[in-house]
Amino acid sequence: MGCGTSVTDIRVKKSERAIKAAILIQRWYRSYVARMEMRRRYALSIFQSIEYADEQAQMQLSSFFTFMLDHFTHPNEPDPDTISHFVSSTTDNSISDSDLMMEEYERTIEIPDSYYGPHLCFPLTVADTNALLQAFKYRQQLHARYVLQLLHETKKVLQQMPNITQLSTSYVKEITICGDLHGKLDDLLLIFYKNGLPSEENPYIFNGDFVDRGKNSVEILIILFAFLVVYPNHFHLNRGNHEDHIMNLRYGFTKEVMNKYRSYGKKILRLLQDVYSWLPLAAIVDSKVLILHGGISDTTDLNFLNTFQRNKLKTLLKPLKSKTETNHKPQGPTLIEECSTLKEVKKCLSRQDITKSSSASSERKQNSTVVADAKKLVSLADRTSSAEEQKSSVTTPCTSPELKTKEWKQVIDILWSDPKHQNGCTPNKYRGGGCCFGPDVTARWLKKYNLKMLIRSHECKQEGYEISHNGKVITIFSASNYYEEGSNRGAYIKLNPDLIPRFFQYQVNKGTRKKTIRQRVSTVELSALKSLREKLYTHKSELIEAFRQHDPNDTGNISPSQWASAMESVLHLDLPWRTLRSRLVQLAKNGNVEYLSSFDDLEIELPIKEVQPSLVETLCRYKADLEIIFNMIDKDHSGLISIDEFRQTWKLFNLHLKIDVDDDSIDSLARSIDFNKDGNIDFNEFLEAFHVVHKLESRNTK
């Protein structure tokens, strides 16, 4: 009897110990997963903050890029196929008969016998879309003649569509809604594999941002446009903020087109501008669910958006000025505001450069190149001044007479805005365009138009989707691994007649499945921190100055709060700096931050040792912007530009941003990087040389 009780007690105790062990293991695992999740989330926030800061810079420089496109891309050359024309809008009357144009392409663009890609027959059929999908799976390329013909057919279809498409679920079981793809062809193919190809029984809506960032934007556009032409009533495309030729200059699509289609690239890009402008702005399902790319503001007017002429909006990055804004300019103008015509640029450059030639005789020789460059730009201004004088005094390169401010504001809000958790509607300071709208704005706005829900895209979400504003706003994002392998899932929505959304997640996996959670998170985290460190280095001088304001005795140490404050004051990334400090800097024994250690593992490998460090930092910071500018100048996309073009463009860029780099440094740099002394600069090699190197990584690689 006693023995039996003893055995029972032992079993109970063993069971209790097992339960306690299981609970401890469960707690540890939950804590472990929570830590991994926190690390993945802050890595994602780093990527997003850098991305939004980059978009903000794009918006701020849009006036400069527009100015360059309008006036400084070979304006003295009569060739109609220069870059200044491939980024200028094609008027709707320029192609009076699309059928004749299709025949013209067949007559003038020959397809060689060596071409092994897919062949298209217009009007397109399902067989053509299947051929395209099969060809792109095997990395084949569609011939330029077919691309141009497809773009013409797409434009014809889009011209028949309203600004806001009205859709119904009464004839189909469900409608599939996809978000941003950003050139990720594998995601599109996976969606079609999981969800079925588009058809009359399986309609789709793709909600903008088809291009940029990824390597296969061309193929994605071709597939989407082909299905649109075959199923115009069951396949729908909304415009995103990246369906814009100036955005494409910065984020890779223009370069992709020129690399893949070379001699026909400019014609394709010129026609694409028109296609972009005809894309519908939104769709409404069953009069209850609004689908658009970005979001809304408290002034968004659906009735107005449905009636204005949308194809006038070739780009949203062209700043608008009313008559009063043109006549009464704000203080502290930029180059574009101060020198809105080439005649005024002539005065600006004359003031900045030519007056320098009156310095001491010992400096005259060095300044001669500066004077020559200024005279060349003055000559350029003279050649164009007569045309400028014929324009209205109100119309500037930044002003479109057709485009009204209200139209521009309405569209930029729906393409660039983001939801926020707090109430109210405020300017979107993170992206530089659109607004941030709160749940109260959403509720009032949906009630006003008798809508149930807003489905939007525009933001990368870790799980591929996010529900906010009490279930009234859904964000859908379809590009998995957007920032880095394993950084996020993609997703799409299926909407049934009851308007209840169902979410389907996926991730294009190459090596991700084989990795543990820790390995996957570490890959994403290290990539995010690498990008952040590079950004720190490009602002090194400003950061050190900000740190030393808190360190008057030059000890090299400041408190964590002071370090975090200095970081945010310079970088404006809105990141949890105190949380990140252990990954970015070394800590002293007293807990203070050794702020110079932020740059310990970073350096720039210079091909030219004579270049001033301050100029190197500037070149690294504005590397993406310089690449855009020099791609505009590089007419044949050979990668070579003349030294004169290098000097002239840098001086304009310098004037616009008010960068503190003297002209002699630029002239010296230009001469130094002309390695073979032929008067040309290999700009691609030059840009590659001025990038941040992680010393530890470099040593490990070697």
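Phe-235 counts as buried because its relative accessibility is 0%; buried means under 20% relative accessible area, exposed over 50% and partly exposed in between, with a 1.4 Å probe and protein chains only. Phe-206 is buried as well, with a relative accessible area of 0%. This is a predicted model, so local features need pLDDT of at least 70 and side-chain atom pairs count only at pLDDT 80 or more, while totals for chains, interfaces and linings use all residues. Residues are numbered from 1 along each chain as its sequence is written, and side-chain values use heavy atoms, with hydrogens and water left out.

**Aromatic pairs**

- The count comes to 20 aromatic pairs, where rings of Phe, Tyr and Trp (its six-membered ring) pair if their centres lie within 6.5 Å, and planes under 30 degrees apart count as stacked, over 60 as edge-to-face and the rest as tilted.
- Phe-192 and Tyr-204 have ring centres 5.5 Å apart and planes at 85°, so this pair is edge-to-face.
- Phe-192 lies in helix α6 (residues 185–195) and Tyr-204 in strand β3 (residues 204–206), so the pair ties together parts twelve residues apart in sequence; helices (H or I, at least four residues) and strands (E, at least two) are DSSP runs, numbered from the N terminus.
- Both Phe-192 and Tyr-204 are buried.
- Phe-206 and Phe-235 make a tilted aromatic pair, with 5.5 Å centre to centre and 40° between the planes.
- Distant parts of the chain are linked by this pair, as Phe-206 is in strand β3 and Phe-235 in strand β4 (residues 235–237), 29 residues apart.
- Which residues form one aromatic cluster? They are Phe-192, Tyr-204, Phe-206, Phe-227 and Phe-235.

**A charge over a ring**

- The charged end of Lys-406 sits over the ring of Phe-304, 4.4 Å from its centre; the rule asks for NZ of Lys or CZ of Arg within 6 Å of the ring centre and within 35 degrees of the ring normal.

**Helix α18**

- Helix α18 (residues 517–538) has 22 residues and should span 32 Å at 1.5 Å a residue, which agrees with its end C-alpha atoms being 32 Å apart; the expected span is 1.5 Å times one less than the number of residues.
- Buried residues in α18 include Val-521, Val-524, Glu-525, Ala-528, Leu-529, Leu-532, Arg-533 and Leu-536.
- An α-helix has 3.6 residues a turn, so residues three or four places apart point the same way.

- β7 pairs with strand β9 (residues 435–437) in the parallel sense over two bridges, and Asp-418 stands opposite Cys-436 in β9.
- Another open sheet of three strands runs β15-β17-β16, and its pairing is antiparallel.
- Its edge strands, β15 (557–558) and β16 (586–587), each pair on one side only.
- Two bridges join β15 to strand β17 (residues 593–594) in an antiparallel way, and Asn-557 stands opposite Glu-594 in β17.

**The whole chain**

- The chain holds 27 helices and 21 strands.
- Of its 702 residues, 54% count as buried.
- Among contacts (heavy atoms within 4.5 Å) between residues at least 6 apart in sequence, 76% join residues at least 24 apart.

Notes
Two strands pair if DSSP finds at least two bridges between them.
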